Amino acid sequence: MKKKTQRTVRTEPWHPLAWQALSLLLGYPDEQFEERLPLVARVAGTLPDPVARPLLRFTAHAEHTAPADLAAAYVATFDHRKRCCLYLTYYAHGDTRRRGLALLRLKQTYAEAGWRLGDDELPDHLAVVLEFAATEPAAGARLLSEHRAGLELLRLALDDDGSPWAPVLDSVSATLPALAGDEREAVMRLAAQGPPEEQVGLDPYASPVFLPDPVVGGPR
């Protein structure tokens, strides 16, 4: 059995700004979302081109889209399509007991850094993980690296769907090292087999995305 190696992810001074900006773009587009877009565009001017260019593609789209239409697209994309799931532990564990344990470990990681999530926030939502990475770059980079296969599968799914959020995931990917051999294999396995399907053991952390009546939007 081949042992999986844990890579050290080097962080750069611009990483926290990039992760904070991307976190803002991956939350539900509420009333304040439009006000954040100019700030994100200014931040993009300080970032490397592979990160900034796709980020600006999304902000340009969002600036020319009616807020109600953008919110409806967000719900249609992320709340009703499992293949476009923003809850990262789902890709590795599906709806199984192991996913419940992974969520608890994430909460413990946040707590060790002095972070406290609201009752309506799940710790594996990509916007939450990115916000954590912006404040704790070393720990956040490790979390993003651990979920690299799921992030890549999400990026590919959004691209296949022609989603306006596909460039945002391109930008997230550009903040991370290129996929290693074992990570490419993990992406291929996920694409071929999908996450585990055992529907037990998740309370109280069951994701609203996969319940019969989904809650609209991600972190507010």
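Trainee: What share of the contacts between residues at least 6 apart in sequence joins residues at least 24 apart?
Mentor: In this predicted model, 72% of the contacts in the protein chain between residues at least 6 apart in sequence join residues at least 24 apart.

Trainee: What about the surface, how much of it belongs to carbon and sulfur atoms?
Mentor: The accessible surface of the protein chain comes to about 11,300 Å², and 53% of that belongs to carbon and sulfur atoms.

Trainee: Changing topic, what is the average pLDDT?
Mentor: The average over the protein chain is 83, with 77% of the residues scoring at least 70. Residues 1–5 have a pLDDT below 50, and beyond near neighbours in sequence that stretch has three contacts in the model. Over residues 199–220 the pLDDT also stays under 50, although the model has 51 contacts for them beyond four places in sequence.

Trainee: How should I read coordinates where pLDDT is low?
Mentor: Where pLDDT is low, the predicted coordinates should not be read in detail.

Trainee: OK, on to packing. At what angle do helix 1 and helix 3 pack?
Mentor: Helix 1 and helix 3, the latter covering residues 49–63, pack at an angle of about 25°, and their axes are 12 Å apart. Angles under 35 degrees count as roughly parallel, so helix 1 and helix 3 are roughly parallel to each other. The crossing of these two helices is left-handed.

Trainee: Which residues meet there, between helix 1 and helix 3?
Mentor: From helix 1 come Ala18, Ala21, Leu22 and Leu25, and they meet Val51, Leu55, Phe58 and Thr59 of helix 3.

Trainee: And helix 3 with helix 10, are they roughly parallel or antiparallel?
Mentor: They pack at an angle of about 165°, with their axes 8 Å apart, and because angles over 145 degrees count as roughly antiparallel, helix 3 and helix 10 are roughly antiparallel to each other. This crossing is left-handed. On the helix 3 side, Pro50, Val51, Pro54, Leu55, Arg57 and Phe58 take part, meeting Pro167, Val168, Asp170, Ser171 and Ala174 in helix 10.

Trainee: Where does Pro48 sit?
Mentor: Pro48 is in the loop between helix 2 and helix 3, and it is partly exposed, with a relative accessible area of 28%. Its C-alpha atom is separated by 9.1 Å from that of Ala174, although the two residues are 126 apart along the chain.

Trainee: Then helix 7, why is it called largely enclosed?
Mentor: Eight of the 10 residues of helix 7, which covers 126–135, are buried, so this helix is largely enclosed by the rest of the structure. The buried ones are Leu126, Ala127, Val128, Val129, Leu130, Phe132, Ala133 and Ala134.

Trainee: Which helices do those buried residues pack against?
Mentor: The buried residues of helix 7 pack against helix 1, helix 6, helix 8, helix 9 and helix 10.

Trainee: Last one: is Tyr28 buried or exposed?
Mentor: Tyr28 lies in the loop between helix 1 and helix 2, and its relative accessibility is 14%; under 20% counts as buried, so Tyr28 is buried. Tyr28 and Ala127 are 99 residues apart in sequence, yet 9.3 Å apart in space, C-alpha to C-alpha.

Technical notes:
Residues numbered from 1 in each chain as written. Predicted model: local features only at pLDDT ≥ 70, side-chain atom pairs only at ≥ 80, totals over all residues. Heavy atoms only, no water. Contact = heavy atoms within 4.5 Å. Areas by Shrake-Rupley, 256 points an atom, 1.4 Å probe, with all protein chains shown as cover. pLDDT = per-residue confidence, 0-100. Helix = DSSP H or I, 4+ residues; strand = E, 2+ residues; numbered from the N terminus. Buried < 20%, exposed > 50% of the residue type's maximum accessible area, 1.4 Å probe, protein only. Axes fitted to C-alpha atoms, helices over the stretch in contact; angles between N-to-C directions. Parallel < 35°, antiparallel > 145°, perpendicular 65-115°, else oblique. Left-handed = near helix turned anticlockwise from the far one by under 90°.
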